[in-house]
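Trainee: I would like to learn how to read a protein model feature by feature. Could we take each idea in general terms and then look at the case itself?

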Amino acid sequence: MIRFNRATRRAFLGGAGALVALPMLESLRGKKAHAADDTIRRILAYYVPCGIHMAKWTPASTGAGFELTEILQPLANVKDKLMVVSGLANAPAKPDGPGDHASGTGAFLTAAHPFKTEGANIQNGISMDQVAANKIGELTRIPSLQLGLEGGGGTGNCDSGYSCAYARNISWASATQPLPKITSPGVLFDQIFDGFDPEETSAEKAKRNRYRSSILDYVLADAKALQAKLGQTDKEKLDQYLTGVYDVEEKIKKSETGPVCTIIDKPPEDLGFQEHLAIMHELMVLALQCDATRVITFMMANAGSNRSYDFIGVSGGHHEISHHQGAQSNFDKLTLIDIWEMQQFAALLEAMDAVEETDGRTLLENSAVFLSSEIEDGDSHSHFNMPILLAGTGGGLIKSGRHLSFEGQQSVGKLFLSMLQTVGVTDDSFGDAQGALDLS
């Protein structure tokens, strides 16, 4: 029996042993308002260390007719779903004295100025991914995933007096709370597939969906009975709540025909660098495809990484080589490293583009994928004219397949605001930026 009290802000619809709280339905409706077309949109941020050899990165022309440069050539298969962005700055990343790698990494997604300290009094800003997670994180089991290949603690001095918290994290829940990343493929696997039953048959899944649908049938029947007892204002509120119920019903129907979320074997921990990267990419795609999360950040390495790339014929450490001092031999090595990085990024994008979704787009098309580094050039340590790629179309809200070049050292935060718009965030400021870029 339903009891309705006009003085009570919360009412419940019951049936089949379940209770549905009406305010929860209103909340659900509000969260979906950004995607009236029922498109699921995601954000992914991808960090590569030590800058880029910009002479072999930047396309010669702008617009849709641009040609991929030597470094960008591996992205040819997804060029029409890719945007090269030139001319944006991350001015707050400029450190107080030395420390560009840690400061630049700390500001990578915050567009805020990290306070120089190696103590506990760190100060930065909330990162773009966490603004997105605050908006859409409740729609998935995991609000956001922070991932990488290299771990390490967040205390101590990692770069000229800058805390390791800045050098080893790009995701910040608040100005004082960096979010450590998962580097273990096994741990990531367990998070993604928690509660997933690989033995469930199609018949069992259909039965589970029918049960869920039957609960909604009871809820709708109760709601119709309740409507007759309400005034006009409350009827309008109930109609809004019921929109959320219908949305759930549609999700159940689509889950029967949507992309299959197939579990893979749990990966081992003793992997080489290239294998580690490949399995993390695979798990990232699965996390998005299975809708375990819609927000991911990934660090290929920590700030100022001095990894050796002997496996592609490049001797010496990346950080040391990035201090090229104008030597052609170093430029050649940096070009090879950058090409290899783009090959890996291309493999991730192509895997996302191979996943077809129920709205007719691909997983890549329904995402906004940002790639950059903590600095522009490894020798100058510049934080202006940052190397930036934006892949995907944000569910059709971003016009890709272009090279955009901006004048006046506009903030990368403007780009973040544009990305955030794709998931329903309507803020007009972020970090040091005011107003989003028009990417439509």
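Trainee: Over the ring of which residue does the charged end of Arg307 sit?

Mentor: Before we look, please keep in mind that this is a predicted model. The charged end of Arg307 sits over the ring of Phe273, at 3.7 Å from its centre.

Trainee: How many helices and strands are in the chain, and what percentage of its residues count as buried?

Mentor: The chain has eleven helices and 17 strands, and of its 440 residues 54% count as buried. The chain exposes about 18700 Å², of which carbon and sulfur atoms supply 49%. If we take the contacts between residues at least 6 apart in sequence, 71% of them join residues at least 24 apart.

Trainee: Which residues of helix 5 are buried, and where around the axis do they lie?

Mentor: The general idea is that an α-helix has 3.6 residues a turn, so residues three or four places apart point the same way. In helix 5, which spans residues 185-192, the buried residues are Pro185, Gly186, Leu188, Phe189 and Ile192. They cover an arc of only 160° around the axis, and therefore they lie on the same side of helix 5. What covers these buried residues includes strand 5 (145-148) and helix 8 (273-289).

Trainee: How many residues of strand 10 are buried, and which ones are on each side?

Mentor: Here the general idea is that in a regular strand the side chains alternate between the two faces of the sheet. Strand 10, residues 295-299, is mostly covered, with five of its five residues buried. Val295, Thr297 and Met299 are on one side, Ile296 and Phe298 are on the other, and both faces are covered.

Trainee: Which strands do bridges join to strand 10, and do they run parallel or antiparallel?

Mentor: Strand 3 is joined to strand 10 by five bridges, and the two run parallel; within this pairing, Leu44 stands opposite Ile296. Strand 5 is joined to strand 10 by four bridges, and these two also run parallel. There, the bridge partner of Gln146 in strand 10 is Thr297.

Trainee: How is a pair of aromatic rings described?

Mentor: A pair of aromatic rings is described by the distance of the centres and the angle of the planes. In this model the count comes to 15 aromatic pairs. One of them is formed by Tyr47 and Phe108, which are edge-to-face, with 5.2 Å from centre to centre and 85° between the planes. This pair links distant parts of the chain, since Tyr47 is in strand 3 (residues 42-47) and Phe108 is in the loop between helix 2 (100-106) and helix 3 (128-136), 61 residues apart.

Trainee: Are Tyr47 and Phe108 buried or exposed?

Mentor: Tyr47 has a relative accessible area of 0% and Phe108 has one of 3%; because buried means under 20% relative accessible area, Tyr47 is buried, and so is Phe108. Another edge-to-face pair is formed by Phe416 and Phe430, with 6.0 Å from centre to centre and 80° between the planes. Phe416 belongs to helix 11 (residues 412-421) and Phe430 to strand 16 (residues 429-430), 14 residues apart. Phe416, at 0% relative accessibility, counts as buried, and Phe430 counts as buried at 6%.

Trainee: Which residues form one aromatic cluster with Tyr47 and Phe416?

Mentor: The cluster is formed by Tyr47, Phe108, Phe370, Phe416 and Phe430.

Conventions:
Residues are numbered from 1 along each chain as its sequence is written. This is a predicted model: local features need pLDDT of at least 70, side-chain atom pairs count only at pLDDT 80 or more; totals for chains, interfaces and linings use all residues. Side-chain values use heavy atoms; hydrogens and water are left out. Buried means under 20% relative accessible area, exposed over 50%, partly exposed in between (1.4 Å probe, protein chains only). The arc is that of the directions from the helix axis to the C-beta atoms. Contact means heavy atoms within 4.5 Å. Accessible areas come from the Shrake-Rupley method with a 1.4 Å probe; for residues, only the protein chains shown count as cover. Rings of Phe, Tyr and Trp (its six-membered ring) pair if their centres lie within 6.5 Å; planes under 30 degrees apart count as stacked, over 60 as edge-to-face and the rest as tilted. A charge sits over a ring if NZ of Lys or CZ of Arg is within 6 Å of the ring centre and within 35 degrees of the ring normal. Two strands pair if DSSP finds at least two bridges between them.
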